Amino acid sequence: MTTIIVQPSGTEIHIEPGDTVLAGLQKAGYAYTVGCRRGGCGICKIDVLEGTFSYCRPVADTVISEQERSDGTCLSCRAVPTDDVTIQLRDASLRLANPLLGQINARARERAKAASTAPEEQ
Ligand code: FES
């Protein structure tokens, strides 16, 4: 599992491997303002403060500049975290749109933490 930490609230969300940032947040019950969801409008831009991501599908050169490709700017609808990431939204705010999914994600996060700290069996 990969963890996304959303600043400034510090909200921690666990996502499955291969999920985009947007897909992971939505599966955990969270919502924020997005547009085309296919790398063509730039409305979903966020800042990645720590961690890395890659684009597994194309993003339009007209939407994200060369400078932005190296300064942590991220199209959240296309970016797949390659490790834990800390992000900050820009003109949107994160809201919990589906509390049930939020609770399921919180339990998954607790299980992942317990599994990572459990002593190895011999
Ligand atoms: S929602 Fe349009 S580029 Fe991400």
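Me: In which strand is Thr73 found?
Reply: The model is a predicted one. In it, the run of residues 73-75 is a strand, and Thr73 belongs to that run. The strand is S6.

Me: Is Thr73 buried or exposed?
Reply: The cut-off for buried is under 20% relative accessible area. Thr73 has 3% relative accessibility, so the residue counts as buried.

Me: Which side chain makes a polar contact of 2.7 Å with the side chain of Thr73?
Reply: Leaving aside neighbours within four places in sequence, Thr73 is in contact with residues including Phe53, Tyr55, Ile64 and Arg90. A polar contact of 3.0 Å joins its side chain to that of Arg90. The polar contact at 2.7 Å is made with the side chain of Asp71.

Me: Where does Arg90 lie, and what is its relative accessibility?
Reply: Arg90 sits in the loop between strand S8 (85-89) and S9. Partly exposed covers the range between the buried limit of 20% and the exposed limit of 50%. Arg90 falls in that class because its relative accessibility is 35%.

Me: What distance in space separates Ala114 and Val48, C-alpha to C-alpha?
Reply: Ala114 lies in helix H3 and is partly exposed, with a relative accessible area of 44%. Ala114 and Val48 are 66 residues apart in sequence. Their C-alpha to C-alpha distance is 26 Å.

Me: What does helix H3 reach from its first C-alpha to its last?
Reply: H3 covers residues 99-117, which is 19 residues. At 1.5 Å a residue, the expected value is 27 Å. The reach in the model is close to that, at 27 Å.

Me: Within what arc do the buried residues of H3 fall, seen down the axis?
Reply: The buried residues of H3 are Gly102, Asn105, Ala106 and Ala108. They line one face of the helix, because seen down the axis they fall within an arc of 165°.

Me: Which strands do the buried residues of H3 pack against?
Reply: The face turned away from the buried side carries the exposed residues Leu100, Glu110, Arg111 and Ala115. The packing partners of the buried residues are strand S2 (11-15) and strand S9 (95-96).

Me: Which residue caps the N-terminal end of H3?
Reply: The cap is made by a side-chain oxygen that lies 3.1 Å from the backbone nitrogen of Leu100. The residue supplying that oxygen is Asn98.

Me: Which peptide bond is cis, with omega near 10°?
Reply: The proline concerned lies in the loop between strand S1 (2-7) and S2. The bond is the one from Gln7 to Pro8.

Me: What is the phi of Arg37?
Reply: Arg37 is found in the loop between strand S3 (30-31) and strand S4 (45-50). It counts as partly exposed, at 46% relative accessibility. Arg37 is not a glycine, yet its phi is positive, at about 65°.

Me: What is the relative accessible area of Thr2?
Reply: Thr2 lies in strand S1. Not counting residues up to four places away in sequence, Thr2 touches Ile13, His14, Ile15, Pro81, Asp83 and Asp84. Thr2 is buried, with a relative accessible area of 12%.

Me: What pattern does the protein chain follow along the sequence?
Reply: The chain has three helices and nine strands. Read along the sequence, their order is β-β-α-β-β-β-α-β-β-β-β-α.

Me: What is the radius of gyration of the protein chain?
Reply: The C-alpha trace spans about 55 × 30 × 25 Å along its principal axes. For 122 residues, a compact globule would have a radius of gyration near 14 Å. The value for this chain agrees with that, at 15 Å.

How values were computed: Residues are numbered from 1 along each chain as its sequence is written. This is a predicted model: local features need pLDDT of at least 70, side-chain atom pairs count only at pLDDT 80 or more; totals for chains, interfaces and linings use all residues. Side-chain values use heavy atoms; hydrogens and water are left out. Helices (H or I, at least four residues) and strands (E, at least two) are DSSP runs, numbered from the N terminus. The expected span of a helix is 1.5 Å times one less than its number of residues. Buried means under 20% relative accessible area, exposed over 50%, partly exposed in between (1.4 Å probe, protein chains only). The arc is that of the directions from the helix axis to the C-beta atoms. Contact means heavy atoms within 4.5 Å. A polar contact is a pair of N or O atoms within 3.5 Å; within protein, one must be able to donate a hydrogen and the other to accept it, and residues adjacent in sequence count only if both atoms are side-chain atoms. The radius of gyration is taken over C-alpha atoms; the globule rule is 2.2 Å times the number of residues to the power 0.38.
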